[in-house]
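Subject: Handover of a structure and the findings from it

Dear colleague,

Please find the structure below, handed over for your use. My notes on what was found in it follow directly after it.

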Amino acid sequence: MAQNNMQGEQNLNEILKLRREKLNNLVEAGKDPFVITKYDVSDHTADIKDDYDNYEGKTVSVAGRIMSKRVMGKASFCNIADLKGNIQSYVARDCIGEDSYKDFKKYDVGDIVGIKGEVFKTKTGEISIHASEVTLLSKSLQVLPEKFHGLTNTDIRYRQRYVDLIMNNDVKETFVKRSAVIAAIRRYLDKENFMEVETPMLVANAGGAAARPFETHFNALDEDLKLRISLELYLKRLIVGGLERVYEIGRVFRNEGLDTRHNPEFTLMELYQAYTDYHGMMDLTENLFRYVANEVNGTLRLPYGEHVLDLEKPFERLTMIDAVKKYAGVDFNEIKDDQEAKKIADEKHVEYEEHHKKGDILNLFFEEFVEEHLIQPTFIMDHPVEISPLTKRKPENPDYVERFELFMNGWEMCNAYSELNDPIDQRKRFEEQEKLIALGDEEANHIDEDFLNALAIGMPPTGGIGYGIDRLVMIMTNSPAIRDVLLFPTMKPID
(Lines give C-alpha, C1' and ligand atoms only; values in the text may rest on other atoms or scores of the structure.)
Protein backbone atom coordinates (compact mmCIF):
# COMPACT_ATOMS: atom_id res chain seq x y z
CA MET A 1 0.00 0.00 0.00
CA ALA A 2 2.80 2.43 0.92
CA GLN A 3 4.56 1.63 -2.37
CA ASN A 4 1.35 2.33 -4.33
CA ASN A 5 0.93 5.66 -2.55
CA MET A 6 4.54 6.58 -3.35
CA GLN A 7 4.04 5.69 -7.02
CA GLY A 8 0.82 7.72 -7.06
CA GLU A 9 2.60 10.76 -5.64
CA GLN A 10 5.40 10.41 -8.21
CA ASN A 11 2.85 10.17 -11.05
CA LEU A 12 0.98 13.20 -9.73
CA ASN A 13 4.20 15.20 -9.45
CA GLU A 14 5.02 14.32 -13.07
CA ILE A 15 1.55 15.46 -14.21
CA LEU A 16 1.84 18.74 -12.32
CA LYS A 17 5.31 19.30 -13.74
CA LEU A 18 4.00 18.66 -17.27
CA ARG A 19 1.18 21.16 -16.81
CA ARG A 20 3.61 23.88 -15.78
CA GLU A 21 5.77 23.06 -18.81
CA LYS A 22 2.71 23.43 -21.04
CA LEU A 23 2.06 26.85 -19.53
CA ASN A 24 5.68 27.90 -20.02
CA ASN A 25 5.50 26.81 -23.67
CA LEU A 26 2.33 28.86 -24.17
CA VAL A 27 3.95 31.92 -22.60
CA GLU A 28 7.06 31.56 -24.78
CA ALA A 29 4.82 31.27 -27.85
CA GLY A 30 3.04 34.49 -26.93
CA LYS A 31 -0.16 32.65 -25.95
CA ASP A 32 -0.24 33.23 -22.18
CA PRO A 33 -3.89 32.60 -21.20
CA PHE A 34 -3.56 34.70 -18.06
CA VAL A 35 -3.22 37.95 -20.04
CA ILE A 36 -6.78 37.54 -21.36
CA THR A 37 -9.10 39.86 -19.44
CA LYS A 38 -12.55 39.03 -20.84
CA TYR A 39 -14.53 36.71 -23.08
CA ASP A 40 -17.91 37.50 -24.59
CA VAL A 41 -20.34 34.76 -23.53
CA SER A 42 -23.62 34.74 -25.44
CA ASP A 43 -25.37 31.79 -23.78
CA HIS A 44 -25.22 29.19 -21.02
CA THR A 45 -25.09 25.49 -21.84
CA ALA A 46 -28.43 24.59 -20.21
CA ASP A 47 -30.26 27.33 -22.13
CA ILE A 48 -29.03 25.84 -25.41
CA LYS A 49 -30.02 22.29 -24.47
CA ASP A 50 -33.39 23.30 -23.02
CA ASP A 51 -34.38 25.35 -26.07
CA TYR A 52 -32.64 23.46 -28.88
CA ASP A 53 -35.31 24.17 -31.50
CA ASN A 54 -34.56 27.89 -31.30
CA TYR A 55 -30.78 27.40 -31.12
CA GLU A 56 -30.29 24.83 -33.90
CA GLY A 57 -27.96 26.21 -36.55
CA LYS A 58 -27.20 29.39 -34.59
CA THR A 59 -23.69 30.52 -33.65
CA VAL A 60 -23.11 30.78 -29.89
CA SER A 61 -20.23 31.55 -27.55
CA VAL A 62 -20.00 29.59 -24.32
CA ALA A 63 -17.28 29.40 -21.67
CA GLY A 64 -16.51 26.87 -18.98
CA ARG A 65 -14.22 24.19 -17.63
CA ILE A 66 -13.14 21.16 -19.69
CA MET A 67 -14.53 18.14 -17.82
CA SER A 68 -13.61 15.48 -20.36
CA LYS A 69 -11.75 15.30 -23.67
CA ARG A 70 -11.31 12.72 -26.45
CA VAL A 71 -8.72 13.35 -29.15
CA MET A 72 -9.22 11.36 -32.38
CA GLY A 73 -6.76 12.42 -35.09
CA LYS A 74 -8.22 15.31 -37.07
CA ALA A 75 -11.30 15.73 -34.86
CA SER A 76 -11.94 15.64 -31.14
CA PHE A 77 -14.70 15.99 -28.58
CA CYS A 78 -14.70 17.81 -25.25
CA ASN A 79 -17.34 18.46 -22.65
CA ILE A 80 -17.36 21.81 -20.88
CA ALA A 81 -19.28 22.79 -17.75
CA ASP A 82 -20.54 26.25 -16.80
CA LEU A 83 -22.86 27.59 -14.07
CA LYS A 84 -26.01 25.98 -15.45
CA GLY A 85 -24.83 22.65 -16.85
CA ASN A 86 -22.56 21.18 -19.49
CA ILE A 87 -22.43 20.61 -23.24
CA GLN A 88 -20.38 18.64 -25.73
CA SER A 89 -18.27 20.38 -28.35
CA TYR A 90 -17.00 18.89 -31.60
CA VAL A 91 -13.58 20.32 -32.39
CA ALA A 92 -12.22 19.64 -35.88
CA ARG A 93 -8.82 20.67 -37.26
CA ASP A 94 -10.31 21.87 -40.55
CA CYS A 95 -12.73 24.19 -38.73
CA ILE A 96 -10.48 25.87 -36.13
CA GLY A 97 -7.18 25.75 -38.06
CA GLU A 98 -4.12 23.55 -37.76
CA ASP A 99 -2.22 25.65 -35.20
CA SER A 100 -5.27 26.07 -32.96
CA TYR A 101 -5.99 22.35 -33.17
CA LYS A 102 -2.42 21.50 -32.11
CA ASP A 103 -2.88 23.76 -29.10
CA PHE A 104 -6.28 22.25 -28.30
CA LYS A 105 -4.87 18.72 -28.24
CA LYS A 106 -2.52 19.81 -25.43
CA TYR A 107 -5.29 21.30 -23.28
CA ASP A 108 -6.02 19.43 -20.03
CA VAL A 109 -9.15 18.47 -18.14
CA GLY A 110 -9.68 21.39 -15.75
CA ASP A 111 -8.61 24.09 -18.21
CA ILE A 112 -11.13 26.90 -18.76
CA VAL A 113 -11.95 27.61 -22.40
CA GLY A 114 -14.26 29.71 -24.53
CA ILE A 115 -15.90 27.97 -27.47
CA LYS A 116 -17.62 29.67 -30.39
CA GLY A 117 -19.53 27.62 -32.91
CA GLU A 118 -22.78 26.37 -34.41
CA VAL A 119 -25.35 24.40 -32.43
CA PHE A 120 -26.21 20.97 -33.91
CA LYS A 121 -27.05 17.37 -33.00
CA THR A 122 -24.65 14.48 -33.51
CA LYS A 123 -25.71 11.24 -35.20
CA THR A 124 -26.47 9.83 -31.75
CA GLY A 125 -28.78 12.79 -31.03
CA GLU A 126 -26.55 14.65 -28.54
CA ILE A 127 -26.91 18.42 -28.63
CA SER A 128 -23.43 19.85 -29.29
CA ILE A 129 -21.49 22.85 -30.51
CA HIS A 130 -19.47 22.55 -33.75
CA ALA A 131 -16.50 24.71 -32.77
CA SER A 132 -15.15 27.38 -35.07
CA GLU A 133 -12.95 28.94 -32.38
CA VAL A 134 -11.49 27.59 -29.12
CA THR A 135 -9.81 30.07 -26.75
CA LEU A 136 -7.82 29.01 -23.69
CA LEU A 137 -8.91 31.40 -20.91
CA SER A 138 -7.15 29.86 -17.89
CA LYS A 139 -4.65 27.02 -17.51
CA SER A 140 -5.34 24.59 -14.66
CA LEU A 141 -2.09 23.70 -12.89
CA GLN A 142 -3.76 21.26 -10.50
CA VAL A 143 -5.51 17.94 -11.13
CA LEU A 144 -9.23 17.43 -10.61
CA PRO A 145 -10.44 14.24 -8.88
CA GLU A 146 -10.82 11.25 -11.20
CA LYS A 147 -14.08 11.54 -13.16
CA PHE A 148 -15.82 8.30 -12.18
CA HIS A 149 -14.95 8.34 -8.49
CA GLY A 150 -15.53 12.06 -8.04
CA LEU A 151 -14.87 13.89 -4.80
CA THR A 152 -16.45 11.75 -2.08
CA ASN A 153 -14.36 12.50 1.03
CA THR A 154 -16.65 14.87 2.94
CA ASP A 155 -13.82 16.52 4.89
CA ILE A 156 -11.99 17.42 1.66
CA ARG A 157 -15.28 18.51 0.07
CA TYR A 158 -15.94 21.04 2.85
CA ARG A 159 -12.33 22.29 2.94
CA GLN A 160 -12.04 22.58 -0.85
CA ARG A 161 -15.56 23.69 -1.71
CA TYR A 162 -14.33 25.09 -5.04
CA VAL A 163 -13.44 21.54 -6.16
CA ASP A 164 -16.67 20.17 -4.69
CA LEU A 165 -18.68 22.63 -6.79
CA ILE A 166 -16.79 21.59 -9.93
CA MET A 167 -17.17 17.84 -9.43
CA ASN A 168 -20.62 17.52 -7.85
CA ASN A 169 -23.42 19.22 -9.75
CA ASP A 170 -25.95 18.54 -6.97
CA VAL A 171 -23.76 20.59 -4.61
CA LYS A 172 -23.82 23.50 -7.03
CA GLU A 173 -27.62 23.17 -7.27
CA THR A 174 -27.88 23.30 -3.45
CA PHE A 175 -26.14 26.66 -3.30
CA VAL A 176 -28.05 28.07 -6.27
CA LYS A 177 -31.19 27.07 -4.37
CA ARG A 178 -29.87 28.65 -1.15
CA SER A 179 -29.58 31.95 -2.98
CA ALA A 180 -33.12 31.46 -4.31
CA VAL A 181 -34.44 30.87 -0.77
CA ILE A 182 -32.98 34.16 0.49
CA ALA A 183 -34.20 36.04 -2.59
CA ALA A 184 -37.73 34.64 -2.08
CA ILE A 185 -37.72 35.71 1.58
CA ARG A 186 -36.78 39.24 0.55
CA ARG A 187 -39.50 39.34 -2.12
CA TYR A 188 -42.15 38.22 0.37
CA LEU A 189 -41.11 40.73 3.04
CA ASP A 190 -40.85 43.55 0.50
CA LYS A 191 -44.43 42.71 -0.53
CA GLU A 192 -45.45 42.99 3.15
CA ASN A 193 -43.80 46.44 3.40
CA PHE A 194 -40.87 45.38 5.60
CA MET A 195 -37.69 47.45 5.45
CA GLU A 196 -34.30 45.70 5.33
CA VAL A 197 -31.64 47.22 7.61
CA GLU A 198 -28.13 46.50 8.87
CA THR A 199 -27.03 46.57 12.51
CA PRO A 200 -23.60 46.25 14.22
CA MET A 201 -21.69 42.95 14.36
CA LEU A 202 -19.14 44.24 16.89
CA VAL A 203 -20.91 45.07 20.15
CA ALA A 204 -20.01 45.91 23.72
CA ASN A 205 -22.88 43.80 25.06
CA ALA A 206 -23.87 40.65 23.14
CA GLY A 207 -27.51 40.12 24.09
CA GLY A 208 -30.78 38.88 22.67
CA ALA A 209 -30.13 35.13 22.99
CA ALA A 210 -28.82 32.51 25.39
CA ALA A 211 -25.36 31.93 23.93
CA ARG A 212 -21.69 32.37 24.74
CA PRO A 213 -20.16 35.08 22.53
CA PHE A 214 -16.81 35.30 20.78
CA GLU A 215 -14.62 38.09 22.12
CA THR A 216 -12.20 40.41 20.34
CA HIS A 217 -10.28 43.63 20.97
CA PHE A 218 -10.62 46.97 19.21
CA ASN A 219 -7.11 48.43 19.19
CA ALA A 220 -8.05 52.01 18.23
CA LEU A 221 -10.23 52.45 21.33
CA ASP A 222 -8.38 49.87 23.46
CA GLU A 223 -11.78 48.29 24.11
CA ASP A 224 -12.89 44.67 24.41
CA LEU A 225 -15.81 43.88 22.14
CA LYS A 226 -17.92 40.84 21.29
CA LEU A 227 -19.32 39.45 18.07
CA ARG A 228 -23.10 39.61 18.06
CA ILE A 229 -25.10 36.52 19.01
CA SER A 230 -28.41 37.87 17.73
CA LEU A 231 -29.93 40.84 15.90
CA GLU A 232 -32.71 41.55 18.37
CA LEU A 233 -31.79 44.47 20.59
CA TYR A 234 -30.74 46.83 17.80
CA LEU A 235 -33.78 46.01 15.66
CA LYS A 236 -36.06 46.78 18.61
CA ARG A 237 -34.34 50.15 18.97
CA LEU A 238 -35.49 50.84 15.39
CA ILE A 239 -39.08 49.97 16.32
CA VAL A 240 -38.76 52.54 19.12
CA GLY A 241 -37.51 54.98 16.48
CA GLY A 242 -40.68 54.56 14.43
CA LEU A 243 -39.56 52.11 11.72
CA GLU A 244 -42.64 49.93 12.08
CA ARG A 245 -41.56 46.87 10.05
CA VAL A 246 -37.86 45.98 9.93
CA TYR A 247 -35.79 42.90 9.20
CA GLU A 248 -32.16 41.90 8.84
CA ILE A 249 -30.52 38.86 7.28
CA GLY A 250 -26.99 38.49 8.59
CA ARG A 251 -24.30 36.42 10.21
CA VAL A 252 -24.31 35.87 13.96
CA PHE A 253 -21.64 34.15 16.03
CA ARG A 254 -22.04 31.76 18.94
CA ASN A 255 -19.09 30.20 20.72
CA GLU A 256 -20.44 26.65 20.78
CA GLY A 257 -19.70 23.19 19.43
CA LEU A 258 -19.93 21.76 15.93
CA ASP A 259 -22.49 19.16 14.88
CA THR A 260 -24.87 18.38 12.01
CA ARG A 261 -27.15 21.31 12.95
CA HIS A 262 -24.73 23.83 14.50
CA ASN A 263 -21.95 25.99 13.11
CA PRO A 264 -20.41 28.76 15.26
CA GLU A 265 -21.22 31.36 12.58
CA PHE A 266 -24.56 31.06 10.86
CA THR A 267 -27.15 33.12 9.01
CA LEU A 268 -30.05 34.47 11.03
CA MET A 269 -33.00 36.52 9.92
CA GLU A 270 -34.89 38.55 12.51
CA LEU A 271 -37.92 40.72 11.82
CA TYR A 272 -40.02 43.00 14.02
CA GLN A 273 -43.50 44.36 13.34
CA ALA A 274 -45.16 47.04 15.45
CA TYR A 275 -48.76 46.72 16.58
CA THR A 276 -48.99 42.93 16.35
CA ASP A 277 -48.26 39.98 18.65
CA TYR A 278 -46.99 36.41 18.48
CA HIS A 279 -50.21 35.24 16.80
CA GLY A 280 -49.45 37.70 14.00
CA MET A 281 -45.95 36.22 13.79
CA MET A 282 -47.42 32.69 13.47
CA ASP A 283 -49.61 33.75 10.55
CA LEU A 284 -46.67 35.52 8.88
CA THR A 285 -44.45 32.45 9.34
CA GLU A 286 -46.94 30.01 7.82
CA ASN A 287 -47.43 32.28 4.82
CA LEU A 288 -43.70 32.95 4.42
CA PHE A 289 -42.70 29.26 4.54
CA ARG A 290 -45.39 28.35 1.99
CA TYR A 291 -44.32 31.19 -0.30
CA VAL A 292 -40.64 30.19 -0.18
CA ALA A 293 -41.40 26.48 -0.75
CA ASN A 294 -43.57 27.29 -3.77
CA GLU A 295 -41.07 29.75 -5.23
CA VAL A 296 -38.01 27.52 -4.75
CA ASN A 297 -39.37 23.97 -5.09
CA GLY A 298 -42.76 24.46 -6.74
CA THR A 299 -44.49 22.34 -4.07
CA LEU A 300 -45.68 22.49 -0.47
CA ARG A 301 -44.75 18.85 0.18
CA LEU A 302 -41.03 18.69 0.92
CA PRO A 303 -39.18 15.36 1.09
CA TYR A 304 -36.65 15.31 3.90
CA GLY A 305 -34.88 12.08 4.76
CA GLU A 306 -37.52 9.45 5.42
CA HIS A 307 -40.31 12.00 5.88
CA VAL A 308 -42.42 14.26 3.67
CA LEU A 309 -43.05 17.59 5.38
CA ASP A 310 -46.49 18.94 4.53
CA LEU A 311 -46.67 22.74 4.51
CA GLU A 312 -50.12 22.80 2.93
CA LYS A 313 -52.06 21.81 6.05
CA PRO A 314 -52.51 24.39 8.83
CA PHE A 315 -49.51 24.15 11.17
CA GLU A 316 -50.39 22.48 14.48
CA ARG A 317 -50.39 24.78 17.53
CA LEU A 318 -49.61 23.36 21.00
CA THR A 319 -48.66 25.01 24.28
CA MET A 320 -45.42 23.72 25.78
CA ILE A 321 -47.39 22.36 28.75
CA ASP A 322 -49.80 20.47 26.47
CA ALA A 323 -46.92 19.11 24.40
CA VAL A 324 -45.13 17.77 27.51
CA LYS A 325 -48.40 16.31 28.76
CA LYS A 326 -48.98 14.64 25.37
CA TYR A 327 -45.52 13.08 24.93
CA ALA A 328 -44.16 12.76 28.50
CA GLY A 329 -47.37 12.16 30.41
CA VAL A 330 -46.59 14.92 32.93
CA ASP A 331 -48.99 17.84 33.50
CA PHE A 332 -47.00 20.83 34.76
CA ASN A 333 -50.27 22.64 35.55
CA GLU A 334 -50.55 20.26 38.48
CA ILE A 335 -46.99 20.87 39.76
CA LYS A 336 -47.08 23.42 42.58
CA ASP A 337 -43.49 24.63 42.96
CA ASP A 338 -39.80 24.22 42.09
CA GLN A 339 -39.21 21.39 44.57
CA GLU A 340 -42.07 19.29 43.22
CA ALA A 341 -40.78 19.87 39.66
CA LYS A 342 -37.32 18.66 40.68
CA LYS A 343 -38.82 15.59 42.35
CA ILE A 344 -40.65 14.61 39.15
CA ALA A 345 -37.46 15.29 37.15
CA ASP A 346 -35.60 12.85 39.41
CA GLU A 347 -38.31 10.24 38.86
CA LYS A 348 -38.12 10.68 35.07
CA HIS A 349 -34.26 10.80 35.07
CA VAL A 350 -34.19 14.34 33.66
CA GLU A 351 -30.96 16.11 34.65
CA TYR A 352 -31.16 19.69 35.93
CA GLU A 353 -29.01 22.24 37.77
CA GLU A 354 -29.58 23.33 41.35
CA HIS A 355 -30.60 26.90 40.40
CA HIS A 356 -33.25 25.67 37.94
CA LYS A 357 -36.86 26.57 38.64
CA LYS A 358 -40.12 24.92 37.62
CA GLY A 359 -40.13 26.72 34.24
CA ASP A 360 -36.57 25.62 33.47
CA ILE A 361 -37.49 22.02 34.24
CA LEU A 362 -40.59 22.20 32.02
CA ASN A 363 -38.28 23.21 29.18
CA LEU A 364 -35.90 20.31 29.99
CA PHE A 365 -38.85 17.90 29.81
CA PHE A 366 -39.80 19.39 26.44
CA GLU A 367 -36.28 18.91 25.06
CA GLU A 368 -36.03 15.37 26.44
CA PHE A 369 -39.45 13.96 25.51
CA VAL A 370 -41.10 16.14 22.88
CA GLU A 371 -38.79 17.64 20.24
CA GLU A 372 -38.04 14.39 18.38
CA HIS A 373 -41.78 13.84 17.74
CA LEU A 374 -42.38 17.22 16.08
CA ILE A 375 -41.82 16.18 12.46
CA GLN A 376 -44.65 18.06 10.75
CA PRO A 377 -44.74 21.87 11.16
CA THR A 378 -45.80 22.59 14.75
CA PHE A 379 -45.91 25.82 16.74
CA ILE A 380 -44.96 25.29 20.41
CA MET A 381 -46.41 28.21 22.36
CA ASP A 382 -46.43 29.83 25.80
CA HIS A 383 -42.99 29.17 27.27
CA PRO A 384 -42.12 29.64 30.96
CA VAL A 385 -40.91 33.11 31.88
CA GLU A 386 -37.63 31.72 33.30
CA ILE A 387 -36.29 30.92 29.82
CA SER A 388 -37.73 33.99 28.07
CA PRO A 389 -36.09 37.18 29.41
CA LEU A 390 -37.19 39.40 26.52
CA THR A 391 -40.81 38.28 26.12
CA LYS A 392 -44.13 39.76 27.26
CA ARG A 393 -45.93 37.80 29.99
CA LYS A 394 -49.36 36.28 29.34
CA PRO A 395 -51.82 38.61 31.11
CA GLU A 396 -53.94 35.72 32.36
CA ASN A 397 -50.93 33.66 33.55
CA PRO A 398 -47.78 35.72 34.23
CA ASP A 399 -45.64 32.62 34.89
CA TYR A 400 -45.68 32.09 31.13
CA VAL A 401 -44.97 34.33 28.16
CA GLU A 402 -46.37 34.98 24.68
CA ARG A 403 -43.68 33.10 22.78
CA PHE A 404 -43.57 30.31 20.21
CA GLU A 405 -41.02 28.16 18.46
CA LEU A 406 -41.74 26.47 15.13
CA PHE A 407 -40.55 22.88 14.89
CA MET A 408 -40.11 20.79 11.73
CA ASN A 409 -38.31 17.46 11.45
CA GLY A 410 -37.71 17.67 15.22
CA TRP A 411 -35.73 20.91 14.80
CA GLU A 412 -36.37 24.41 16.04
CA MET A 413 -36.85 26.50 12.88
CA CYS A 414 -37.71 29.87 14.42
CA ASN A 415 -38.36 31.60 17.73
CA ALA A 416 -40.91 34.40 18.18
CA TYR A 417 -42.28 36.69 20.89
CA SER A 418 -44.86 39.24 21.74
CA GLU A 419 -41.98 41.54 22.61
CA LEU A 420 -41.53 42.83 26.14
CA ASN A 421 -41.92 46.60 25.99
CA ASP A 422 -42.22 47.34 29.74
CA PRO A 423 -38.84 48.87 30.76
CA ILE A 424 -39.43 48.16 34.47
CA ASP A 425 -40.17 44.47 33.90
CA GLN A 426 -37.29 44.26 31.42
CA ARG A 427 -34.84 45.59 34.01
CA LYS A 428 -36.03 42.98 36.51
CA ARG A 429 -35.52 40.23 33.91
CA PHE A 430 -32.01 41.49 33.15
CA GLU A 431 -31.24 41.51 36.89
CA GLU A 432 -32.32 37.86 37.09
CA GLN A 433 -29.96 37.15 34.18
CA GLU A 434 -27.11 38.88 36.05
CA LYS A 435 -27.72 36.53 38.99
CA LEU A 436 -27.32 33.58 36.61
CA ILE A 437 -24.03 35.04 35.36
CA ALA A 438 -22.83 35.22 38.97
CA LEU A 439 -23.65 31.51 39.28
CA GLY A 440 -21.44 30.75 36.27
CA ASP A 441 -23.95 30.77 33.39
CA GLU A 442 -21.88 31.99 30.41
CA GLU A 443 -24.98 32.17 28.18
CA ALA A 444 -27.03 34.60 30.30
CA ASN A 445 -27.54 38.24 29.24
CA HIS A 446 -25.92 41.29 30.85
CA ILE A 447 -27.96 44.41 31.57
CA ASP A 448 -28.06 46.63 28.47
CA GLU A 449 -28.62 50.18 29.78
CA ASP A 450 -28.97 51.79 26.34
CA PHE A 451 -31.63 49.25 25.36
CA LEU A 452 -33.48 49.93 28.62
CA ASN A 453 -33.30 53.64 27.84
CA ALA A 454 -34.84 52.95 24.41
CA LEU A 455 -37.70 51.05 26.06
CA ALA A 456 -38.18 53.95 28.47
CA ILE A 457 -38.63 56.26 25.47
CA GLY A 458 -41.50 53.95 24.52
CA MET A 459 -41.85 50.90 22.25
CA PRO A 460 -45.27 50.00 20.81
CA PRO A 461 -46.74 46.50 21.15
CA THR A 462 -44.55 44.47 18.78
CA GLY A 463 -44.23 40.98 17.39
CA GLY A 464 -40.73 39.71 16.67
CA ILE A 465 -39.20 36.53 15.28
CA GLY A 466 -35.85 34.98 14.41
CA TYR A 467 -35.38 32.37 11.65
CA GLY A 468 -32.39 30.06 11.20
CA ILE A 469 -31.78 30.44 7.46
CA ASP A 470 -29.33 27.52 7.27
CA ARG A 471 -31.84 25.02 8.69
CA LEU A 472 -34.52 26.33 6.34
CA VAL A 473 -32.17 25.74 3.40
CA MET A 474 -31.44 22.23 4.72
CA ILE A 475 -35.18 21.50 4.61
CA MET A 476 -35.64 23.05 1.15
CA THR A 477 -32.70 21.10 -0.34
CA ASN A 478 -33.06 17.80 1.60
CA SER A 479 -29.53 18.26 2.97
CA PRO A 480 -28.54 16.08 5.95
CA ALA A 481 -26.03 18.42 7.63
CA ILE A 482 -25.61 22.16 8.08
CA ARG A 483 -22.17 21.96 6.48
CA ASP A 484 -23.87 20.87 3.26
CA VAL A 485 -25.58 24.27 2.99
CA LEU A 486 -22.67 26.46 4.13
CA LEU A 487 -20.21 27.25 1.37
CA PHE A 488 -17.31 27.46 3.80
CA PRO A 489 -18.20 25.77 7.12
CA THR A 490 -15.99 26.03 10.19
CA MET A 491 -13.52 23.13 10.22
CA LYS A 492 -11.02 21.77 12.72
CA PRO A 493 -7.39 22.47 11.77
CA ILE A 494 -5.92 19.67 9.66
CA ASP A 495 -3.01 19.22 12.09
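Helices here are DSSP runs of H or I with at least four residues, numbered from the N terminus. Helix α9, in that numbering, covers residues 232-240, and both Lys236 and Glu232 lie in it, four residues apart, or about one turn of the helix. Please note that the model is a predicted one.

Salt bridges

The side chains of Lys236 and Glu232 meet in a salt bridge, with 2.8 Å from N to O. Are these two residues buried or exposed? Both Lys236 and Glu232 are buried.

A second pair joins separate elements. Arg317 forms a salt bridge with Glu286, and their closest N and O atoms are 3.2 Å apart. Arg317 belongs to strand β14 (residues 316-319) and Glu286 to helix α10 (residues 278-297), so this pair ties together parts that are 31 residues apart in sequence. The two partners can also be described by their accessibility. Glu286 has a relative accessible area of 8% and is therefore buried, the cut-off being under 20%. Arg317, at 34%, is partly exposed.

A further salt bridge links Arg301 with Asp310, where the closest N and O atoms are 3.4 Å apart. Arg301 is partly exposed, with a relative accessible area of 46%, whereas Asp310 counts as buried at 10% relative accessibility. The structure holds 36 salt bridges.

The chain as a whole

The protein chain has 495 residues, of which 48% are buried. Its secondary structure comes to 16 helices and 20 strands. The C-alpha trace spans about 90 × 50 × 50 Å along its principal axes.

Helix packing

Two packed helices are described by the angle between their axes and the distance between the axes. Two pairs may be of interest to you.

Helix α12 (residues 338-347) packs with helix α13 (residues 358-369) at an angle of about 25 degrees, and their axes are 8 Å apart. Because angles under 35 degrees count as roughly parallel, α12 is roughly parallel to α13. The crossing in which α12 passes α13 is left-handed.

How do helices α14 and α15 cross? The axes of α14 (residues 423-438) and α15 (residues 449-457) come within 9 Å and cross at roughly 160 degrees. This angle is over 145 degrees, so α14 is roughly antiparallel to α15. Their crossing is right-handed.

Positive phi angles

Most residues other than glycine have a negative phi. Against that background, two residues deserve mention.

Tyr275 has a phi near 70 degrees, a positive value in a residue other than glycine. Tyr275 sits in the loop between β11 (265-274) and α10, and at 59% relative accessibility it counts as exposed.

Asn409 is not a glycine either, yet its phi is positive, at about 55 degrees. Its place is the loop between β18 (403-408) and β19 (411-418). Is Asn409 buried or exposed? With 14% relative accessibility, Asn409 counts as buried.

A contact across the sequence

Asn478 and Tyr304 are 174 residues apart in sequence, and their C-alpha atoms are 4.9 Å apart in space. Asn478 is located in the segment after α16 (469-477). At 36% relative accessibility, Asn478 counts as partly exposed.

A nonpolar surface patch

Which residues make the nonpolar surface patch? Leu12, Ile15 and Val143 form this patch, which has an area of about 210 Å². Val143 lies in the loop between β5 (127-138) and α6 (154-159). Its relative accessibility is 34%, so Val143 counts as partly exposed.

Yours sincerely

Key. Residues are numbered from 1 along each chain as its sequence is written. This is a predicted model: local features need pLDDT of at least 70, side-chain atom pairs count only at pLDDT 80 or more; totals for chains, interfaces and linings use all residues. Side-chain values use heavy atoms; hydrogens and water are left out. Patches are made of residues with over 30% relative accessible area and no salt bridge: like charges are joined within 9 Å, nonpolar side chains (Val, Leu, Ile, Met, Phe, Trp, Tyr) within 5 Å. Accessible areas come from the Shrake-Rupley method with a 1.4 Å probe; for residues, only the protein chains shown count as cover. A salt bridge is a side-chain nitrogen of Lys or Arg within 4 Å of a carboxyl oxygen of Asp or Glu. Helices (H or I, at least four residues) and strands (E, at least two) are DSSP runs, numbered from the N terminus. Buried means under 20% relative accessible area, exposed over 50%, partly exposed in between (1.4 Å probe, protein chains only). Axes are lines fitted to C-alpha atoms, for helices over the stretch in contact, and angles run from 0 to 180 degrees between N-to-C directions. Angles under 35 degrees count as roughly parallel, over 145 as roughly antiparallel, 65 to 115 as roughly perpendicular and the rest as oblique. A crossing is left-handed if the near helix is turned anticlockwise from the far one by less than a right angle, and right-handed if clockwise.
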